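Here are my notes on the model, for your review.

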Amino acid sequence: MLEPENLDGRRGELSKALRRMRKRTGLTGERLASRVGMSQSKISKIETGKLVPSSTDVERILRALKATPEESKEIAALTRVANTEYQNWRASLRRGLHHKQAELADLEANSSTFRYFLPSMITGLLQTPEYARASLASLPGDHTRALMRRFERQSILYDTSKKFTFLLTEQALRWPLCRRREMSVQVERIAALSELPNVRIGVLPLDRPRIPEGPLSTFTVYDRSMATVETFTGALLIRASQDVGLYLDTFQVFEENSLFGSDSRSFLRQVAEGFRG
């Protein structure tokens, strides 16, 4: 089983394997670069581990090197691992969670289409101040700067050049992270945000027909190029196109079974009313 801490080592294996294959064919880095339409400096950075190649880059290199099916299979597996980054929550706490918020803001500034699957909690862009504070209450330290950054990020929802789809399970909406009146305000806020022209809020009720893919983890897909997956100990950043595609397909399954528009708002307001009652 691959542990997150071993990801850097597997990236090194990829660069060494590609360099070894090139040398076996007798090609110089310059000749290989010419064959695959890359610069010689890019080939050098890939082979020294300074640059992680995309799946497309690796496929072009393997074709140029006339790799065997066995070699292609091995290199493809290494490529998928190399395009996965692990961010440990303990490390984020030591640095300060405001740095994490800055990284998220950068991702949001450089992406245009966002898909959020939220099986257990409401994500930061949708949170009220009370819910946001409650979400960090169990973590040590002063998170004032992190909360301020989180609220600043929420302004991106009003940028109509960006398109957002949030899918929330009924469980995520009903989980009482803060006091009932505060939860009511939180759910009402989500209903209000669904009125924005570039924001789609989907709700997945518990009585939906059985879906083969269970709601296992929170994930976000940025455009069609990267997925982030949250775990109890950290987050995985996935860039391998095959894996990102899997998350897009999974998102589509849940999306097709969710309530949207007036149906979604009606459900949300029933949940909000339940908290008030």
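1. The side chain of asparagine 198 reaches two backbone oxygens: that of aspartate 159 at 3.0 Å and that of leucine 157 at 3.1 Å. A polar contact here is a pair of N or O atoms within 3.5 Å; within protein, one must be able to donate a hydrogen and the other to accept it, and residues adjacent in sequence count only if both atoms are side-chain atoms.

2. This is a predicted model: local features need pLDDT of at least 70, side-chain atom pairs need 80 or more, and totals for chains, interfaces and linings use all residues. Numbering runs from 1 along each chain as its sequence is written, and side-chain values use heavy atoms, without hydrogens or water.

3. Asparagine 198 sits in the loop between helix H11 (180-193) and strand S4 (199-204). Helices (H or I, at least four residues) and strands (E, at least two) are DSSP runs, numbered from the N terminus. Asparagine 198 counts as buried because its relative accessibility is 5%; buried means under 20% relative accessible area (1.4 Å probe, protein chains only).

4. Leaving out residues up to four places away in sequence, asparagine 198 touches Leu157, Asp159, Thr160, Lys162, Lys163 and Phe164. Contact means heavy atoms within 4.5 Å.

5. Now H11. Its buried residues include Met183, Val187, Ile190 and Leu193. The buried residues of H11 pack against helix H8 (129-135), strand S3 (163-169), helix H10 (170-174), S4 and helix H13 (261-276).

6. Overall, the protein has 13 helices and 7 strands. Of its 277 residues, 48% are buried.

Conventions: Buried < 20%, exposed > 50% of the residue type's maximum accessible area, 1.4 Å probe, protein only.
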